[in-house]
Amino acid sequence: MSRIQDLLDELGITIDPQLFELALVHRSYAYEHGAIPHNERLEFLGDSVLGVVVTAHLYLRFPDLPEGQLAKLRAAVVNAHALADVARDLQLGPLLKLGKGELATGGADKSSILADAFEAVLGALYLSAGRDAADAFVHTLFDPLIETASGLGAGLDWKTSLQELCATLEIGVPTYAVTESGPDHDKRFEAVAVIGERTFPSAGGTSKKQAEQGAAKAAFHQLNA
């Protein structure tokens, strides 16, 4: 039994089997099997459900935080990498129906595919069991992430924090030099922060954004040392 079924059983939630199966059908599989339905419509719905539940929780949980800080908190837990990690914990990867190309290139562990599948499953759950069940499911998975993120401070958005620190120190605006390597299905990015004549330690990631955040973190810590 997969971890997601264990969690649904714990919460007393039942998802319509046909909707659950549809939530796990990637478009690559659908196209190889006569253009059958795939999970993108459910993903669209689940994305909205997740946004509403998390945003409402943040609004109520942190009554003194301004809008900008709330937005940073939401972005820290509702993003492709965070959703993919949740999907991995739920063991969604082995359940996905993928086309041969995606299977050959490790699609069952790609962050973008896993994040989309998680949102599709949430959409299926919402249609099957309603808003209260969706709330319970999301809160169980994301409340701990929100509590962790709320203690990160500068780590919520290293690029913004570095820019603010540079303004305080009056040393100029940071820029980023990014290089990429690897095949299209497995890109790696390396970034360094540059401030004036100074270059800071590099950081890597599976996306340009992730690499730049890592580079900003390295520069922030070095400037604060």
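Glu 21 has a relative accessibility of 43% and therefore counts as partly exposed; that class lies between buried (under 20% relative accessible area) and exposed (over 50%), calculated with a 1.4 Å probe on protein chains only. Glu 21 pairs with Lys 97 in a salt bridge whose closest N and O atoms are 2.9 Å apart.

The model is predicted: local features need pLDDT of at least 70 and side-chain atom pairs pLDDT 80 or more, whereas totals for chains, interfaces and linings use all residues. Residues are numbered from 1 along each chain as its sequence is written, and side-chain values use heavy atoms, without hydrogens and water.

A salt bridge here is a side-chain nitrogen of Lys or Arg within 4 Å of a carboxyl oxygen of Asp or Glu. By this rule there are 10 salt bridges. Another of them joins Arg 61 to Glu 147, with the closest N and O atoms 2.9 Å apart. Because Arg 61 lies in helix α4 (residues 40–61) and Glu 147 in helix α9 (residues 131–150), the pair ties together parts 86 residues apart in sequence. Helices are DSSP runs of H or I with at least four residues, numbered from the N terminus.

Within helix α9, Arg 131 and Asp 135 are 4 residues apart, so about one helical turn separates them. Their side chains meet in a salt bridge at 2.6 Å, N to O. Asp 135 is buried at 18%, whereas Arg 131 is partly exposed at 37%.

Technical notes. Helices (H or I, at least four residues) and strands (E, at least two) are DSSP runs, numbered from the N terminus.
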